[in-house]
Amino acid sequence: MKHFFTLLSHEIRMLLVSASTYIAAMLFLAFMGFVFTSILENYSKVAQEVSPAQTFFQFFWFPVLFMVPMLTMKCLAEERRLGTIETLLTTPVTTTEVVLAKYGAAYFLYLALWCSTGVFFYILSKFSGDTRFLDAGPLIGGYLFIAVSGLLFIALGVFASSLSRNQAVAAILCATMIFGLIFGLSWLAGSSALNREVLQPVRDAVDYAQVITHRDDFTRGIVDTRQLLFYLSGTVLAIIFSILSVEAKLLHS
Amino acid sequence: MPDTPAIEVTHLVKAYAGITAVNDINFRVARGEILGFLGPNGAGKSTTMRILTGYLPATSGSVHICGIPVASQPDEVKRQIGYMPENNPLPEDMRVSEYLYFRGRLKEITRRKLGPRIDEVLELCDLKRVRHKIIGQLSKGYRQRVGIAEAILAEPPVIIMDEPTIGLDPHQILIVRDLIASLRGRMTVIISSHILPEIEVTCDRVLIINQGRVVAQGTPADLRREVLGKSTYQVELAGDPGTLPPVLAAVEPTLQVTAQGEPDAEGFRRLTLSTERDAELGEPLLRSLSAPPYRLRSLSRAHPTLEDVFLAATRRSWDVKSSDLRKK
């Protein structure tokens, strides 16, 4: 892990000079700003049951679907397309360090972007002068959910990027995996296909892996260790697969 | 262990799905030596180099760099080498000095030493003017030199460069050649190239490989003798070539006319003589051919270039291959 921080600072720097980062950031902030203003409009018209933070995080999946691929599609695919992975891996660094550094940089940026939406709430509390709008529980829970689920989403993106040397393919693959994870599983949970007795264990597993339910729990202030474990183990698995994928591609190149 | 060879390769085999890219290669390179790697496209040059760097695993055989086995201690080996891959891949959106700094840190040069070392390397490779430019905007010659600068940055004992002079103009080739020559004695260098005169001028020893096998190795002079096995002379002579063989036999029994041209307006024709003997026959030839009935206008000993050697060596192995096929 000697070179991890050298690689990490290099990766963060590379993300900060790349145009796709700023496009992702701009689209993200524009969309979240739009969501936030429409929430405020609704709240000013009719009294609502839940706090604005809770509604705000309901739309987390949309920016995730386009932002995560944009942040991660480049990381390993580009290295392989340009061939720079060869110069990188002939220095005394390990594949693990390279993959972790790329993961770390993408995750850092992902968190930084989400943190910038915190300004929305700050402005709201500052100008409304009403602390009710700034309900700390859902807010902290929501950001915690973003941080924890982001671990898995970014890991999936890195994995997708390790599979292809084409960035577009990596991005589409990543978006599909995240879509499958969030909506595919929730559709499966609602479908009657798993109603048979034999499929009960599968049903349990699917019920356990409901990202939307997790979000609701988190924004309600419930931090369940089983859910944390779900994201952490998923992340570790995806990163291990990315490392193996990079190494397997070397063996067969 | 200063007496261990810098590179030692024994029975190296690399097989991809169904194809044997490198087939039982053996060679060793002494410290401070410059080895040229020659071979047609797809001969296994790049594969061999990648195995040397520890980037690709070998199917069988062993490689030692400075006495360290590549297969079991790849990390240690990577500290001993500077590698410039084929086509010299570089990140597009970094500045030259930033790139060298990043690479230097990865190669475990301390921060304090890195600054002066980068200046030194930029000076050596004549890159001072472009140090703040973005690599993606540099011309091919500069990019190539950035790659070389990167390879020698950490002053490793072994430098491996895959086609370092490809795409350079003659002036830049000269700079690169001088640069490589300046490393002689301090670092062991392996370069592969298609440009044969390049190799001939720069390298102490040449290794010709074809279809994954070493077909010839030695100094350029050795190779000429070994592969071509004879020396040839060009003469321009007036007189009847039919009466030549006894005259030539008197000079050297194996001397023969291998080609003869048509006589020009003054009756001189160009003849090619060849002999198995390596010794200089210029003087006796001159004496016997300038006497009547012959008139001699010019005599020169043809120096086979490495190109001839290369073509002869690779053709030889093709012949072997095709006869193998016929047997089956």
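This is a predicted model: local features need pLDDT of at least 70, side-chain atom pairs count only at pLDDT 80 or more; totals for chains, interfaces and linings use all residues.
Visitor: At what angle do the axes of α4 and α9 of chain A cross?
Guide: Helix α4 (residues 61–82) and helix α9 (residues 167–190) of chain A cross at roughly 140 degrees, with their axes coming within 8 Å. Axes are lines fitted to C-alpha atoms, for helices over the stretch in contact, and angles run from 0 to 180 degrees between N-to-C directions. Helices (H or I, at least four residues) and strands (E, at least two) are DSSP runs, numbered from the N terminus. The two helices are therefore oblique to each other (under 35 degrees is roughly parallel, over 145 roughly antiparallel, 65 to 115 roughly perpendicular, the rest oblique).

Visitor: Which residues meet there?
Guide: Among them are A:Trp61, A:Leu65 and A:Met73 in α4(A), and A:Cys174, A:Ile178 and A:Phe179 in α9(A) (contact: C-beta atoms, placed from the backbone, within 7 Å). By class, this contact of α4(A) with α9(A) has 15 nonpolar, two polar and two charged residues. Ala, Val, Leu, Ile, Met, Phe, Trp, Tyr, Cys and Pro count as nonpolar, Asp, Glu, Lys and Arg as charged, and the others, Gly among them, as polar.

Visitor: Turning to the contact of the chains, how many residues does each give?
Guide: Chain B gives 20 residues and chain A gives 17. On the side of chain B, α2 (74–80) and α3 (96–106) are the elements that give two or more residues.

Visitor: And the sheet of six strands in chain B, what is its order?
Guide: This open sheet runs β6-β7-β8-β3-β9-β10, with mixed pairing (strands pair if DSSP finds at least two bridges between them). β6 (81–84) and β10 (213–218) of chain B stand at the edges with a single partner strand each, so one side of each lacks a neighbour in the sheet.

Visitor: How many bridges join β3 to β8 in chain B?
Guide: Four bridges join β3 (residues 34–38) to β8 (residues 188–192) of chain B, and these strands run parallel. B:Ile34 stands opposite B:Val189 in β8(B).

Note on methods
Residues are numbered from 1 along each chain as its sequence is written. Chains are lettered from A and ligands numbered from 1 in the order in which they are written. Two residues are in contact if their C-beta atoms, placed from the backbone, lie within 7 Å.
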